[in-house]
Amino acid sequence: MIEIKNIEKSFGGTKILKGISTIFETGKTNLIIGQSGSGKTVLLKSLLGIHTPESGQICFDGRVYSELEAIEKRELRTEIGMVFQGSALFDSMTVAENVAFPLRMFTNDDQAKIDERVDFVLKRVALTDAHQKLPSEISGGMQKRVAIARAIVNKPKYLFCDEPNSGLDPNTAILIDNLIKEITEEYDITTVINTHDMNSVMEIGDRILFLKNGLKAWEGTNEEIFKTDNQAVVDFVYSSNLFKKVREAYLKDELLEQKITAQ
């Protein structure tokens, strides 16, 4: 579990995060959504320790990040996996070498143990035959799966994903969403995802945090987001005619179910 308490962050005198508090639950896919400039990326980078908030606390299972010693912060970083927006694979490394990189950085494992772990996570993301390929030799969806394999190879307690579906076709995006959710539940990870993809919100949004102008404007589940009367959420999530129709159909079905139950 990650708990943030009254986080505030400014740049150049402009306040970007304005007293945000929430809990990202373990074993859940926790999504952060909002328009560009709402503070999503700044919040994610604050969780990663890239930005230091002026006030407030970030707690990793009770450990207050700002109160940790340097060695404790390094140890905490070994518990974090990251899936970058563009996958961020090393072009000159093979798939297997990319996945092995965190193990070489943060462990003293011998080559046999590294190879065993790399084989395991590549099998988990359905890439059993890609070990010796370069990133340029595989598709965008496969690159994303390699990035996920690299992110989980060191058995993280916390997984952060920045726009994991960016640049992917709809079918591949759904596969990546499902893979992230499966891994989150299977390994009981605290997963935090920055996304603009409303399909992700509807499909895997166990917990959703909606930011607007640096403030927490709403939070809830993907079921609750259908029912919310928060106009800012409705305007953002259901901005397309398609999603408006989806919401209308959901509400009609729920109303009908309530009437049947009441009879």
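A crossing of two helices is called right-handed if the near helix is turned clockwise from the far one by less than a right angle, and left-handed if anticlockwise.

A word on the model first. It is predicted, so local features need pLDDT of at least 70 and side-chain atom pairs count only at pLDDT 80 or more, while totals for chains, interfaces and linings use all residues. Residues are numbered from 1 along each chain as its sequence is written, and side-chain values use heavy atoms, leaving out hydrogens and water.

Let us start with α3 (residues 95–106) and helix α4 (residues 111–124), whose axes come within 9 Å and cross at roughly 120°. Axes here are lines fitted to C-alpha atoms, for helices over the stretch in contact, with angles from 0 to 180 degrees between N-to-C directions. The two helices are therefore oblique to each other; angles under 35 degrees count as roughly parallel, over 145 as roughly antiparallel, 65 to 115 as roughly perpendicular and the rest as oblique. The crossing of α3 and α4 is right-handed.

Now turn to helix α5 (residues 140–152), whose axis comes within 7 Å of that of α3, crossing at roughly 30°. α3 and α5 are therefore roughly parallel to each other, and their crossing is right-handed. Here Val 95, Asn 98, Val 99 and Pro 102 in α3 meet Val 146, Ala 149 and Arg 150 in α5.

Terms used. Helices (H or I, at least four residues) and strands (E, at least two) are DSSP runs, numbered from the N terminus. Contact means heavy atoms within 4.5 Å.
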